[in-house]
Amino acid sequence: MTSSDHPTPAPDEAVEKEAARRSRRAFLTAGLASLAALGGWRWLVTRPQDDGTLWPLRRVLDANGKISKEFLSSADLAPVFPKGRAKEPRINGRIGLKSALDSAAWQLQVQGMGPNGPTPIRTFSLADIQALPRVEMTTQLKCIEGWSVVVSWVGARFSDFVTRYQLASADDLTPYVHLLTPDRQYYVGLDMPSALHPQTLLCYEMNGQPLTLEHGAPLRLVTPLKYGIKYIKRIGSIAFTKQRPSDYWAERGYDWYSGH
Ligand SMILES: Nc1nc2c(c(=O)[nH]1)N[C@H]1C(S)=C(S)[C@@H](COP(=O)(O)O)O[C@H]1N2
Ligand SMILES: [Mo]
């Protein structure tokens with residue numbers, strides 16, 4: 001289209017058009033995301049992987065990729081930063097970290113969900129997590145108290161953990177995940193689409209070093225579309241559930257989803 005058959009809109013009109021376009025795209029993006037969520041979580045675990053990303057998620061990402069060609073900020077991915085921007089976060093929140101940790105004895109206990117309900121508890125070592133594809137990600141940690149800091153993380157995608165170890169049934173709908181510290185004093189609930197988001201990681205390194213005890217060794221969650229309250233440190237157990245699980249800060253008045 002040339003400017004001769006279509007006059008250049010006045011600035012206000014241009015802004016409005018852009019806003020309308022953005023909301024259509026946001027709608028499309030949200031639509032794809034909820035399709036992936038509703039149509040399919042049971043379907044995710046049965047599909048082959050392509051590029052290390054589950055292909056139904058891949059399709060959503062590809063769609064977002066196309067959108068991003070014209071419109072850079074994708075609603076579905078948290079912004080990433082150069083590694084050099086990473087800073088040391090303060091130590092914030094020690095609930096569930098008060099007892100001594102015997103690193104050698106630590107195991108992750110996982111209750112999967114099968115077609116006939118919860119499956120027997122399985123245990124995983126840190127090596128089992130580290131055997132999954134290693135993902136590096138530099139993102140902003142935002143605390144609900146009003147501060148934020150760019151941090152560089154290394155870990156495994158939660159989605160790789162679920163699929164590689166077949167933790168939820170292909171025949172059953174498993175809408176939630178519950179993560180708890182070994183002493184069960186701190187606990188976080190996640191909806192499955194958030195848990196399977198490609199930037200939701202089970203992390204074992206922070207800013208180029210193994211996680212320290214204060215920052216959640218041996219394993220913590222990082223999920224940069226949500227506030228820090230969801231980044232549970234020192235994970236002891238994980239359960240896949242049909243009912244919305246309890247969440248420490250949601251019980252104290254914060255939003256259960258805590259996205260930002
Ligand atoms: N086990 C546990 N994990 C936790 C918390 C906590 O009190 N206990 N606090 C959360 C909050 S509110 C934030 S902002 C981040 C801070 O992570 P950091 O201490 O590594 O900076 O950890 C989260 N994970
Ligand atoms: Mo926080």
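Predicted model: local features only at pLDDT ≥ 70, side-chain atom pairs only at ≥ 80, totals over all residues.
Residues are numbered from 1 along each chain as its sequence is written, and side-chain values use heavy atoms, with hydrogens and water left out.

Ligand 1 is surrounded by 19 residues (each with a heavy atom within 4 Å of the ligand). The closest are Arg90, Ile95, His215, Arg220 and Lys233. By class, the shell comprises 10 nonpolar, 5 polar and 4 charged residues.

Polar contacts are pairs of N or O atoms within 3.5 Å. A backbone N or O atom of Arg90 is 2.6 Å from an oxygen atom of ligand 1. For Arg220, a side-chain N or O atom lies 2.7 Å from an oxygen atom of the ligand, and for Lys233 a polar side-chain atom lies 2.6 Å from one. On its own, ligand 1 has 540 Å² of accessible area (Shrake-Rupley method, 1.4 Å probe), of which the protein covers 98%.

The structure holds 0 disulfides (pairs of cysteine sulfur atoms within 2.5 Å). Cys143 is buried at 10% relative accessible area, and Cys203 is buried at 0%, where buried means under 20% (1.4 Å probe, protein chains only).

Conventions
Chains lettered and ligands numbered in written order. Polar contact = N/O pair within 3.5 Å; in protein donor to acceptor, adjacent residues only side chain to side chain. Nonpolar A, V, L, I, M, F, W, Y, C, P; charged D, E, K, R; others polar. Buried < 20%, exposed > 50% of the residue type's maximum accessible area, 1.4 Å probe, protein only.
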